[in-house]
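Good morning, and thank you for coming. Please look first at the sequence and the structure, and I shall then take you through a few places in turn.

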Amino acid sequence: MAILTHHDHQEPMVIIVGAGPAGLATSACLKKFSIPNLLLEKEDCYSPIWKKYTYDRVHLHLAKKFCQLPHIPFPSSSPTYIPKKEFIQYLDDYVSYFNITPLYKRTVEFAKFDESKGKWVVKVRNGNSGDVDEYFCKFLVVATGEASYPFIPKVPGLESFKGKAFHSTKFKNGDKFRGKNVLVVGCGNSGMEIALDLANYGANTSIIVRSPINLISREMAYLGLMLLKYKVAYTVVDNIMVMLSKIMYGDISKYYGVKRPEEGPFASKIKYGKYPVIDVGTYQKIKSGEIQVLPGMRSIRGNDVVLENGKCHQFDVIVFATGFKRTTHKWLHGDEYLLNEDGLPKPEFPEHWKGKNGLYCVGLSRRGLYGIAFDAQSIAIHINSLL
Ligand SMILES: Cc1cc2nc3c(=O)[nH]c(=O)nc-3n(C[C@H](O)[C@H](O)[C@H](O)COP(=O)(O)OP(=O)(O)OC[C@H]3O[C@@H](n4cnc5c(N)ncnc54)[C@H](O)[C@@H]3O)c2cc1C
Ligand SMILES: NC(=O)C1=CN([C@@H]2O[C@H](COP(=O)(O)OP(=O)(O)OC[C@H]3O[C@@H](n4cnc5c(N)ncnc54)[C@H](OP(=O)(O)O)[C@@H]3O)[C@@H](O)[C@H]2O)C=CC1
Ligand SMILES: O=C(O)C(=O)Cc1c[nH]c2ccccc12
C-alpha cells in the first residue's frame, strides 16, 4: 500500500530524475557550483542501459571526442571508438570523482508544480519498502533518457510464437544461437549490429527492414559532426553524407529492399527523430547473403512468421530491436511547454532544455552524449544564475 513517509533529505534544491549519463553529468555540473542535488534512479545501479541492457560487442559509434561528459575527458590512451567495458569504467570514475550518490530503486511516479508553494511536488516509489515518499524541490530535471522503456510492437499472434522472443535490451551475444533461425525485427543501430553479431556466431540470420534508411560509416559520422561543429549548415552536410554514402555503399535498394529516404541523415534526425544507421560490418554480410533482408511482418502463427509480401518463414528466435518509448507524460503533470506526448522537447534546439517553473530536461534532443554534455552544462549555469 502507498504510505507517505517523511525524511530529512526530502527537500533538496534540485531533483534529477534518472541516473544515466545525462543525470550523472547534470549532477556533476551542479556540484561544480556547489548546488545540492538529489538523483533518483528506478533501477539498482547508475547507467543501467550500459551496465545491464546492451549487448557485449557494442562500442560508442561516435568518436570519443563527441562522447565526453563535462569536465572529464577520456584517457588519451583509449581507442577512438570506446568499447562498452571502457565506457562503464569511465562512468565509474566519473561517479567516484564527483562523489555522486544516487538513490536507487526510486521510481518517480508523479511530479507537479505547486503554485502556492512555488515548488515541485515529487512522489517517488521506494522499491525497497514499497512506500511512496514525497519530496519537494525548486528545480526539477528530467533525465529519464530517450531509450528507457523498451518497445515491442503488437504483432497479431505473437503470443502463439513457439520459440523465444525478446527485446534487444536482453540480447548479449550470438553464442546461444549458433545454427538457429533467428529473425531480427528492426534495422536501427541495435538491429543492424545484433544481426551482425548473430551472423558472426553462425546463426541463420534474417533482418526486417521496412522503411528507408540512411546508411553511413563511422568516418562519415565523424566528418559530419566536425562540419556541424564548424557551423556548416546541416543541409550542406547532408548532401556530402548522401554523396559519400552512394560512393561507399552504392544503390542500397539492391540489398536492403528499401531506398534512401528523401532527407539526408541529419535532416531525418531533426525531422523524425530517426538516427542514421552507422554501419559496422552488417552491410558486407547483407551483400554476401549471409544476412537475409525481409520486408515488414504481418502476423505470427506458431513458429511461422507471415510477412507483408505474403510469404511465410520459420524462426526459432525473434529479437525485437524495435526501439524505445518514453513515459514521462504518465508522471509529469501540468507541463504544457517543455515536453510533448512522447516525452521529447517541444522547443527547438538550442532552447530545448529549459522549461517553465524550474523544469529542465537533459539528453532528450537526439544528439547523443554530445547533446547531454551541452544540456547538463546549460542547466547548471542557468540554475546557478537564479540563486
Ligand atoms: C546500444 C546503445 C549505444 C549508444 N551509443 C551511443 C554513442 O556511441 N554515442 C552517443 O552519443 N550516444 C549513444 N547512445 C545514446 C544513449 O542515449 C546514450 O548512450 C545514453 O545512455 C543516454 O543517457 P541518458 O542518461 O539520457 O539515458 P539513459 O542512459 O537511458 O538513462 C535514463 C535513466 O533514467 C531512469 N529512469 C527512467 N524513468 C525513470 C523514473 N520515472 N524514475 C526514476 N528513474 C527513471 C532509467 O532507469 C535510466 O537509468 C547509445 C544508446 C544505446 C542504447
Ligand atoms: N553502437 C552504438 O553506438 C549504438 C547506438 N544505438 C543508439 O541507441 C538508440 C536506440 O537504437 P535502436 O535500439 O536501434 O532503436 P531505433 O528506434 O533507432 O530503431 C528501431 C527500429 O525498429 C523498427 N521498427 C519499429 N517497429 C517495427 C515493426 N513493427 N516492424 C518492423 N520494424 C519496426 C524501426 O523502423 P521504422 O523506422 O520503420 O519505424 C527502426 O528501424 C539510438 O540512438 C541508436 O543510435 C543503438 C545501438 C548501437
Ligand atoms: O550532434 C548531433 O547532431 C548528433 O546527431 C550526434 C549523434 C548521436 N548519435 C548519432 C548517430 C549518428 C549520427 C550522429 C549522432
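I begin with Cys361, which counts as buried because its relative accessibility is 1%; buried means under 20% relative accessible area, exposed over 50%, and partly exposed in between, with a 1.4 Å probe and protein chains only. Cys361 belongs to strand β21, residues 359–361. Between the C-alpha atoms of Cys361 and Gly343 there are 9.9 Å in space, and 18 residues in sequence.

A word on the basis of all this. This is a predicted model, in which local features need pLDDT of at least 70 and side-chain atom pairs count only at pLDDT 80 or more, while totals for chains, interfaces and linings use all residues. Residues are numbered from 1 along each chain as its sequence is written, chains are lettered from A and ligands numbered from 1 in the order in which they are written, and side-chain values use heavy atoms, with hydrogens and water left out. Helices (DSSP runs of H or I, at least four residues) and strands (runs of E, at least two) are numbered from the N terminus.

I turn to helix α4, residues 189–200. Its 12 residues should span 16 Å at 1.5 Å a residue, and its end C-alpha atoms are 17 Å apart, which agrees; the expected span is 1.5 Å times one less than the number of residues. Because 10 of the 12 residues of α4 are buried, the helix is largely enclosed by the rest of the structure. Among these buried residues are Asn189, Met192, Glu193 and Asp197. After α4 comes Gly202, with a positive phi near 85 degrees.

Which residues come nearest to ligand 2? Of the 22 around it, they are Asn189, Ser190, Arg210, Ser211 and Lys274; a residue counts as near if one of its heavy atoms lies within 4 Å. A side-chain N or O atom of Lys274 is 2.9 Å from an oxygen atom of ligand 2, and a backbone N or O atom of Cys187 lies 3.1 Å from an oxygen atom of the ligand. On its own, ligand 2 exposes 920 Å², of which the protein buries 78%; such areas come from the Shrake-Rupley method with a 1.4 Å probe. Domain 1 (14–148 + 326–385) and domain 2 (150–320) both give residues to this shell, so ligand 2 lies between them. The domain bounds come from an automatic or database domain assignment.

Ligand 3 also lies between these domains, because both give residues to its shell. Residues around ligand 3 include His61, Phe266, Lys269, Arg366 and Tyr370. A polar side-chain atom of Lys269 lies 2.8 Å from an oxygen atom of ligand 3. The protein covers 95% of the 360 Å² of accessible area that ligand 3 has on its own. Helices α8 (265–272) and α11 (368–386) each supply at least two residues of its shell.

Finally, ligand 1 has 30 residues around it, and Ala22, Glu41, His61, Val108 and Leu369 come nearest. An N or O atom in the side chain of Trp50 is 3.1 Å from an oxygen atom of ligand 1. Taken alone, this ligand exposes 990 Å², and the protein buries 92% of that. Elements that each supply at least two residues of the shell include α1 (21–32) and β4 (106–114).

Terms used:
Polar contact = N/O pair within 3.5 Å; in protein donor to acceptor, adjacent residues only side chain to side chain.
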